[in-house]
Amino acid sequence: MSTLPGGEPVRIGGADVPPGARVDIRLSVSESYTGDRLSIPITVINGEHPGPRMFVTAAVHGDELNGIGVVRELMTTLEPNEINGVLILVPVVNVLGLPLHSRYLPDRRDLNRAFPGSTEGSMASRLANTITTQVLDVCDVGVDLHTAASGRANLPQIRANFDAPKSLEYARAFAPPILVDAPHRVGSLRWAGAERDVPVLTYEAGEALRFEESAIGIGVAGVRRLMAHLGMLTEDEADSDGTPLEADETHWVRADRGGIMNLEVGLGDSVSVGQPLWTVSSPFGRDRKPMESPWEGVVIGASTIPLCNPGDAVVHIAVPGGEGEFDEDVDVESFL
């Protein structure tokens, strides 16, 4: 891992950030229909001493707000004299989707499939290129903050590539309730980082269009633990009271019947094979056969809408790797 030489400024977006300083910068991307400047706001904290360079991005999807809460908390609690190295905080990447409360850009493109982007492509490609060249390319490690899609909720979790030693090491240092071995999706920020040998962790927690205290708190605590692991904090950070579970595969359980749904499990619940997950009834109130779990594991995601059609993804289950077992419910509070 590289470090910045002591006593040197960092140049990002045309601005120089001297050691021991915090500077708010707007990264120029393009312009609007009316010619107004389109930019991405970032905060650069250059520590007083050399160290790694790390970024934290939020709202790559414009309706995923918990990450904004994490970044805002980091902005208000970390000072340059507490940091070794450089921390780049990006509270909103999808500056066009956010005002519309939309996961996507106005042209319905998914920004997290546009990395590394280009200077001459679509607006998604231009936004992605700005983050790639101005943030990703100048850092050693990153954390990308997400939530579940609309109508779903996620247990706080880190998705990383377990085959990459640094990614697994950093995921364990973050210490969320669960770690998921997830392949890279081409075009994602995490994939672009892997292509550049920059480990990027994806933090998933909570619901869209919400500020949720536990999701934000676990995210803040995890980032600080990772920074401490990297030697970026001048003071030791408290370890998590919980032990993260590690899953090498996950599965969505889908509805086989449509109707009004009564979910019988919650996020963090341990489930066994054959355990009822939900029951669907008709509008007349007649219960149908409960949907049983095909797997043993922990619930890491679930629908928040009590209605389903056949084929709808309702419950997301993480399955333990190797010979491990998930035989207890997850105590989320212990990871704050």
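In this predicted model, Gly142 has a relative accessibility of 0% and therefore counts as buried, the cut-off for that class being under 20% relative accessible area. Gly142 belongs to strand 7, which covers residues 141-146. Once residues up to four places away in sequence are set aside, Gly142 touches Phe55, Pro199, Val200 and Leu201. With one of these residues, Val200, the separation between C-alpha atoms is 4.5 Å, although Gly142 and Val200 stand 58 residues apart along the chain.

The largest nonpolar core comprises 87 residues, of which Ile40, Ile42, Met54, Val56, Ile88, Leu111 and Met227 touch the most other members. Helix 5 (residues 213-229) supplies the largest share of this core, namely 7 residues. Another core, made up of 14 residues and including Val280, Val299, Cys308 and Val314, lies apart from it. For Ile40, when neighbours within four places in sequence are left aside, the contacts comprise Ile25, Arg26, Leu27 and Val29, together with Val90, Val92, Val93 and Val95, and finally Leu127, Thr130 and Ile131.

A search of the whole structure for aromatic pairs returns 1 such pair. The ring centres of Phe174 and Tyr203 are 5.5 Å apart and the ring planes meet at 35°, so the pair is classed as tilted, given that planes under 30 degrees apart would count as stacked and those over 60 as edge-to-face.

Strands of a sheet pair through backbone hydrogen bonds, in either a parallel or an antiparallel manner. In the present model, an open sheet is formed by 4 strands in the order 15-14-12-17, with antiparallel pairing. Strand 15 (291-292) and strand 17 (307-308) are the edge strands, each of them pairing on one side only. Strand 17 is joined to strand 12 (residues 259-263) by 2 bridges, and these two strands run antiparallel. Within this pairing, Leu307 of strand 17 is the bridge partner of Ile260.

Terms used: Residues numbered from 1 in each chain as written. Predicted model: local features only at pLDDT ≥ 70, side-chain atom pairs only at ≥ 80, totals over all residues. Heavy atoms only, no water. Core = buried A, V, L, I, M, F, W, Y, C linked by side-chain atoms within 4.5 Å. Buried < 20%, exposed > 50% of the residue type's maximum accessible area, 1.4 Å probe, protein only. Contact = heavy atoms within 4.5 Å. Pairing = 2+ DSSP bridges. Phe/Tyr/Trp six-rings, centres within 6.5 Å; stacked < 30°, edge-to-face > 60°.
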